[in-house]
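These are my notebook entries on one structure. I looked up one topic at a time and wrote down what I found.

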Amino acid sequence: MWARSVTSRFLRSRPRADEPPGVSHVGRPPRPLGDVSRTRGSRTMSFTPRTKTNRVVVIGAGYAGMMATNRFLGSLTEEERSRTVVTVVNPKPVFVERIRLHEVAAGSRNAVTIPLAWLLHADAEVVVGRAELIDTVAREVLVVSDDEDLRLPYDYLLYAVGSFASTAIEGAAEHAYVIADHDGASAAAEAVRALPPRARVSIVGGGLTGVEIASELAEQHPELSVTLYCAGELVAQMRPAARRSLRRTLERLGVRIDEHAEVSTVVPGGLRLSGDRALDHELCIVAAAFDVPDLARASGLPVDEAGRLEVDEYLRCIDNPAILGAGDAVVAPQSVAGHLRMGCATALPMGAHAAHTLLAAIRGAVPRELTIGYVLQCISLGRKRGYIQLVRSDDTARRFHLGGRTGARVKEWICEMVVDSPKKESTQPGAYSWPKGPKRRAVTGAGSQSGGRAPVGARFGPEQHASYPVLSDRSRAS
Ligand SMILES: Cc1cc2nc3c(=O)[nH]c(=O)nc-3n(C[C@H](O)[C@H](O)[C@H](O)COP(=O)(O)OP(=O)(O)OC[C@H]3O[C@@H](n4cnc5c(N)ncnc54)[C@H](O)[C@@H]3O)c2cc1C
């Protein structure tokens, strides 16, 4: 049980030598944050001010937030560290390996959470709570948790709140499971376990996430009848040979693929497709789109249509350089980010780049422009198969790919690497590297109309639903 007291929410991240992996550090004597005001009702308590001068608050301990925190703290000199405090705000004291959530939903794994205390730099302080508002005038973040509200002052802020599954399809929130967070994936797993043999399961979304869920489920539960509904063609963003290969694997696993079948409504015990086709099922999982938290918009920060924080080429908020952004919840200019897609493959280099911009800020140095290129896209197709597509730096497919068991092994290695790399940054800052992006693009066409910002998933042919105009199906790869 996570303790609920105020003090227990300030967790030091250094693991004790006598603790096995997976043990939380809630019981550890807390180290109060300096100059943090905690508010209970109308009463505000202030702590003795710190002598430290750089107060950095990181909102979100996902791939981007973890990488940024560790690389930043790991890169500081002793002197810089003595006058810097980094506070990471996250709703839970654990990191969620989101790219493995379909494994949880299908029952291949029980849990994919790792205590933040084991992953974050020893000097990072963790506040377990949800950031509700960024007060840019007072330079404070209002954090709400189960029993109390806090105001965390900042000199620099990193916005890394990620994304969650959209439930824009009518009835999806009430009658379907979404697996973009750990609770959703665990709930889906429980529901799957309770299904009778030969039960019908609908997976909504013919993009990469939908394919991963459908194949994992069909492999782990061959007794179920799994149908994958695609609004257009199955993984339309991939090259024809890749699509054929994925289709063959899905069919071998017994997954029925229903293309050009746009789901308009999920109802108890079934769904309706546009054109009024009605189909029954015992369980439905929606994997059609990602949405981003509303925090930036609610805080009056500049956001695009989808609610992503608008940042410049250095990942600084376009009208507030004290605020930086990285990961799924931000949008950078088309010129440097036109080819980027939501994914941990983007969140990690963005987090590392944000750390560089932060370092430049506290050192009074000139920041570097963002440049991110890709090497591959990879999809798991159950535990025994995978599909690895080599891509150019701008994410367009090369001819070469790896499939089958080799593909599965590469995918598994990547799943481990995306956790190990940010962890390693605490002690070996700069160990993680990534390819340069394509040449800087001129801002023309759609990009210029949207203020030169990169549209989410533009390259990958989003699996969109008419009722949800902006966000794409997950357009990602590792
Ligand atoms: C099933 C599945 C499979 C995937 N597979 C792949 C893959 O193979 N390759 C790939 O590249 N991508 C994949 N993705 C996408 C990838 O997981 C995301 O793109 C990635 O997690 C984004 O990283 P992030 O750091 O921006 O956000 P996240 O990892 O989502 O982390 C954001 C963190 O911020 C926290 N947070 C949110 N709001 C607040 C708040 N108000 N206050 C405090 N904290 C907050 C969240 O709880 C979370 O801990 C997959 C996603 C899913 C769901």
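Is His 260 buried, partly exposed or exposed? I found that His 260 is partly exposed, because 13 other C-beta atoms lie within 10 Å. The cut-offs I used are these: a residue is buried if 20 or more other C-beta atoms lie within 10 Å of its own, exposed if 12 or fewer, and partly exposed in between, with C-beta atoms placed from the backbone.

I noted that this is a predicted model, in which local features need pLDDT of at least 70, side-chain atom pairs count only at pLDDT 80 or more, and totals for chains, interfaces and linings use all residues. Residues are numbered from 1 along each chain as its sequence is written.

**Entry: two positive phi values**

I placed His 260 in the loop between β17 (256-258) and β18 (263-267). Helices (H or I, at least four residues) and strands (E, at least two) are DSSP runs, numbered from the N terminus. The phi of His 260 is near 50°, a positive value in a residue other than glycine.

I then turned to Asp 276, which is not a glycine and has a positive phi of about 70°. Asp 276 sits in the loop between β19 (270-273) and β20 (277-280). It counts as exposed because it has 8 C-beta neighbours inside 10 Å.

**Entry: the whole chain**

I looked up the totals next. The protein chain has 13 helices and 29 strands. Of its 478 residues, 50% count as buried. Two residues are in contact if their C-beta atoms, placed from the backbone, lie within 7 Å. Among contacts between residues at least 6 apart in sequence, 67% join residues at least 24 apart.

**Entry: the ligand**

How many residues surround the ligand? I found 39, and the closest are Gly 60, Gly 62, Gly 162, Gly 327 and Gly 343. The elements that give two or more residues to this shell are α1 (63-75), β5 (84-90), α3 (101-106), β9 (130-135), α7 (208-220) and α11 (344-363). A residue is near a molecule if its C-beta atom, placed from the backbone, lies within 6 Å of it.

By class, I noted 22 nonpolar, 11 polar and six charged residues in the shell around the ligand. Ala, Val, Leu, Ile, Met, Phe, Trp, Tyr, Cys and Pro count as nonpolar, Asp, Glu, Lys and Arg as charged, and the others, Gly among them, as polar. The shell draws at least three residues from each of domain 1 (7-164 + 291-363) and domain 2 (165-289). The domain bounds come from an automatic or database domain assignment.

**Entry: α1 and α11**

Two packed helices are described by the angle between their axes and the distance between the axes. I looked up both for α1 and α11: their axes come within 7 Å and cross at roughly 35°. Axes are lines fitted to C-alpha atoms, for helices over the stretch in contact, and angles run from 0 to 180 degrees between N-to-C directions.

The residues of the contact of α1 with α11 divide into 14 nonpolar, three polar and one charged. On the α1 side they include Tyr 63, Met 67 and Phe 72, and on the α11 side they include Cys 344, Leu 348 and Leu 359.

**Entry: Ile 134**

Ile 134 is in strand β9. Why does Ile 134 count as buried? It does so because it has 26 C-beta neighbours inside 10 Å. Not counting residues up to four places away in sequence, Ile 134 touches Val 141, Leu 157, Leu 295, Ser 299 and Leu 301.

I found Thr 371 in the loop between α11 and β27 (376-380). Thr 371 is partly exposed, with 18 other C-beta atoms within 10 Å. Leaving aside its neighbours within four places in sequence, Thr 371 is in contact with Val 336, Lys 436 and Gly 437. The C-alpha atoms of Thr 371 and Lys 436, 65 residues apart along the chain, lie 5.4 Å from each other.

Arg 440 is in the loop between α12 (404-424) and α13 (445-449). It counts as partly exposed because it has 14 C-beta neighbours inside 10 Å. Arg 440 touches Ser 335 and Val 336, again not counting residues up to four places away in sequence.
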